Amino acid sequence: MKVLFRDKLKSYFFVVALGLLAGLTVVFFIEVPDNGFWSFYYWSSSTFGFWMFSTSLIVLFSENRKCAAINAGIYIFLMFLITTVHQSFRLYRSGAMQQEIGGAMKQESLSKLIPNHIGGWLLYSFPPAFVCAVLGIILWSGRKNTIWGKLLRTMPAVFLFAETGILFYSVFVYHTRFFSALSDLVCFLAYSVIFLKQAGISRQ
């Protein structure tokens, strides 16, 4: 398999850029005007297909296990961090962040927002990043052309296929979550094409 992410500082900065882009994508679809059929907010909050797809590719195209773990951790950490920071500012804008001052409920000041919440932002972002880094160490073995490697390589595709099926059930029965279903279908097809092509290259 090709190596796209090397154990070099320049490559890690590229993953940082991808993590920032992923987080901003989540924020974008949180803010997009929503409706029951498209359910953009559901994609941002409860659909895992795109994150499974993108994180798996980052891991499987990393140079070594250490690189895969670091890349997965950076990517997921930044995506979760941007999302939770945005949600905090969204609550602030709505006036929901109030505290008792002098016996009266007053809106928390913007100058205190970051110091008061940075610990929570980091606590929210670190655990999923750590879990994905550990899973990245395991999934990286999917680069190897062995039975175990092939099994690992197919696991993201199996997850994508299953979630796509569940989401399209919601589309046809409840007429909702269409954007999530469409996104998962595209990710499943793209993942399948990429690794069928890589398998063909390996056999040559």
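Predicted model: local features only at pLDDT ≥ 70, side-chain atom pairs only at ≥ 80, totals over all residues.
Ser-11 has its place in helix H1. Apart from its neighbours within four places in sequence, Ser-11 is in contact with Leu-4, Phe-5 and Arg-6.

## The chain as a whole

The protein chain contains seven helices and two strands. In sequence order, these elements follow the pattern α-α-α-α-β-β-α-α-α.

The protein chain has 204 residues, and 39% of them count as buried. Among the contacts with a separation of 6 or more, 68% are made by residues 24 or more positions apart.

## Tyr-75 and its contacts

Tyr-75 belongs to helix H4. With a relative accessible area of 3%, Tyr-75 is buried. Which residues does Tyr-75 touch, not counting those up to four places away in sequence? They are Val-15, Leu-18, Gly-19, Ala-22, Phe-50, Trp-51, Ser-54, Thr-55 and Ile-58.

Tyr-75 also illustrates how positions separated along the chain can be brought together in space. Tyr-75 and Val-16 are 59 residues apart in sequence, and their C-alpha atoms are 6.4 Å apart.

## The largest pocket

The largest pocket has a volume of about 760 Å³. Its lining is made up of 32 residues. Those that lie nearest the centre of the pocket are Phe-48, Trp-51, Met-52, Ile-76 and Cys-132. Two or more lining residues come from each of helix H1 (9-31), helix H2 (40-46), helix H3 (49-60), helix H4 (65-94), helix H5 (110-139) and helix H6 (147-174).

Which helix gives the largest share of the lining? That helix is H5, with eight residues. Sorted by class, the lining has 22 nonpolar residues and 10 polar residues, with no charged residues.

## Aromatic pairs

A search of the whole structure finds 22 aromatic pairs. One of these joins Trp-38 and Phe-178, whose ring centres are 5.1 Å apart. The planes of the two rings stand at 75 degrees, so the pair is edge-to-face; the limit for this class is over 60 degrees. The pair links distant parts of the chain, since Trp-38 is in the loop between H1 and H2 and Phe-178 is in helix H7 (residues 178-203), 140 residues away.

Trp-38 counts as partly exposed, at 31% relative accessibility. Both Trp-38 and Phe-178 belong to a cluster linked by ring pairs.

## Two loop residues with positive phi

Ser-39 is not a glycine, yet it has a positive phi of about 50 degrees. This residue lies in the loop between H1 and H2. Is Ser-39 buried or exposed? At 7% relative accessibility, Ser-39 counts as buried.

Arg-177 also has a positive phi, of about 65 degrees, although it is not a glycine. Arg-177 is found in the loop between H6 and H7. At 28% relative accessibility, Arg-177 counts as partly exposed, because this value lies between the limits of 20% and 50%. The charged end of Arg-177 sits over the ring of Tyr-42, at 4.1 Å from the ring centre.

## Gly-142 between H5 and H6

Gly-142 is located in the loop between H5 and H6. A relative accessibility of 0% means that Gly-142 counts as buried. Leaving aside neighbours within four places in sequence, Gly-142 is in contact with Met-1, Leu-60, Gly-149, Leu-152 and Arg-153.

How far apart are the C-alpha atoms of Gly-142 and Arg-153? They are separated by 4.8 Å, while the two residues are 11 residues apart along the chain.

Terms used
Residues numbered from 1 in each chain as written. Heavy atoms only, no water. 1 Å grid on protein atoms, 1.4 Å probe; cavity = no way out; pocket = protein on both sides within 12 Å on 5 of 7 lines; lining within 4 Å. Points joined across faces, edges and corners; volume = space filled by probe spheres on them. Helix = DSSP H or I, 4+ residues; strand = E, 2+ residues; numbered from the N terminus. Nonpolar A, V, L, I, M, F, W, Y, C, P; charged D, E, K, R; others polar. Phe/Tyr/Trp six-rings, centres within 6.5 Å; stacked < 30°, edge-to-face > 60°. Buried < 20%, exposed > 50% of the residue type's maximum accessible area, 1.4 Å probe, protein only. Lys NZ or Arg CZ within 6 Å of the ring centre and 35° of its normal. Contact = heavy atoms within 4.5 Å.
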